[in-house]
Amino acid sequence: MAQHPIVCVTGATGFIAAHLIKKLLQQGYAVRGTVRKLSKHSSYRFLENLDGAAERLELIEADLLSPGSFDAAIGGTQYVMHTASPYLINVRDPQKNLVEPALEGTRSVLESCRKASSVKRVVLTSSIAAITGAPDSNRVFTENDWNTTSSLKENPYHYSKTLAERAAWEFMQEQPGFDLVVINPFMVIGPSLGASLNTTNQMIRDIITGVYPGILDVNWGFVDVRDVALAHIRAIEKPAAHGRYLCSAEALDMRNVVAILRKAGYGNDYKLPSLDLSGKAATTLMKLVSWSQPRDTGAYLRTHLGRRMRYDNDKIRKELDIQFRNIESSLLETVEDLISWGHLKKKS
Ligand code: NDP
């Protein structure tokens, strides 16, 4: 019987990784997923219930900060998808909590791939955060752009993703014997396979439950988690895949997001914002108010308010054959999913 190709997915419990594992199993791959603590069964039990998991999913413990930790999971695999990285805003110590795991973890995973010598290709989950730390209404971003503005003080999550991706490309200059393909997603939304609430879906929850004081002049690119998973798999299945792939279906203003949710009737049960704070004067005021917010939220607002995000997603559509799902439907599915997991509180 032919052997199934083995794919290692780091950070198996994550929002994106879980979809990736589900799809890989559906397509007949054998999967080695890494989890931070095997003793925390509740965090990954849902993965064991996926179709095909009993026969073809193996979970192995690995930590981004322990040198050599990924050797066991990567040894003997043909492909590695490195998704594990802290996706957190407002951490106490950005160097320790974001930069070190992102950067050292990426180097550690690549080093284990070199040692394994069975690995043909690594797909790294980078981010739009490595492309820009501040949208610019006057230009269109592409895979040629790099974030040169973020730092430990300003958007440290963006900084951690930029350093990790740069380190990966530097590592490749040593010709380690495998290829690297990078996926750079924007805000990833969609249904979650596990109970935990990831940072982007948390933002949708915040919009619908009145955490924002009103409708701000802010604009995001969105992509469905199932498309992100598909892009990772196409990146191993298409031999010609190369370089970076900006992965985003559509950019929407917060105003559009709120309108979609209101039209679907969520305004009746939830505190959707209605105060329009998207004009020029209100945006200036919001930038001042941002200084009263937690450090990273404040910096994010100051670098994103009043700016449109424009980008070109041609490369991923043409080379990886991705036809993006409709974002309005993904948004609505996200909300239904948040409700089904009990993450949304109705207004009283
Ligand atoms: P999640 O927070 O859902 O998953 C992150 C994963 O990384 C978890 O499995 C987590 O394990 C693991 N992890 C974090 N720190 C460590 C560590 N020290 N050692 C081992 N594992 C660790 O995030 P997403 O699925 O949303 O994101 C996955 C990847 O995609 C990240 O690289 C993120 O930067 C990137 N990305 C995400 C976007 C989004 O909108 N969601 C957009 C663009 C990029 P544990 O469960 O133990 O905490």
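Glu 333 is partly exposed, with a relative accessible area of 34% (buried means under 20%, exposed over 50%, partly exposed in between, for a 1.4 Å probe and protein chains only). The model is predicted, so local features need pLDDT of at least 70 and side-chain atom pairs count only at pLDDT 80 or more, while totals for chains, interfaces and linings use all residues. Residues are numbered from 1 along each chain as its sequence is written, and side-chain values use heavy atoms, without hydrogens and water.

Glu 333 forms a salt bridge with Arg 226, the closest N and O atoms being 3.0 Å apart (a salt bridge is a side-chain nitrogen of Lys or Arg within 4 Å of a carboxyl oxygen of Asp or Glu). This pair links helix α8 (residues 225-237) to helix α13 across 107 residues (helices are DSSP runs of H or I, at least four residues; strands are runs of E, at least two; both are numbered from the N terminus). Arg 226 is buried at 15% relative accessibility. The structure holds 22 salt bridges.

Another of these joins Asp 179 and Arg 121, with the closest N and O atoms 3.0 Å apart. Asp 179 lies in strand β7 and Arg 121 in strand β5, so the pair ties together parts 58 residues apart in sequence. Asp 179 is partly exposed at 36%, whereas Arg 121 is buried at 5%.

The count of disulfides is 0 (a disulfide is a pair of cysteine sulfur atoms within 2.5 Å). For Cys 113, the nearest cysteine sulfur, that of Cys 8, is 7.5 Å away. Cys 113 is buried, at 1% relative accessibility.
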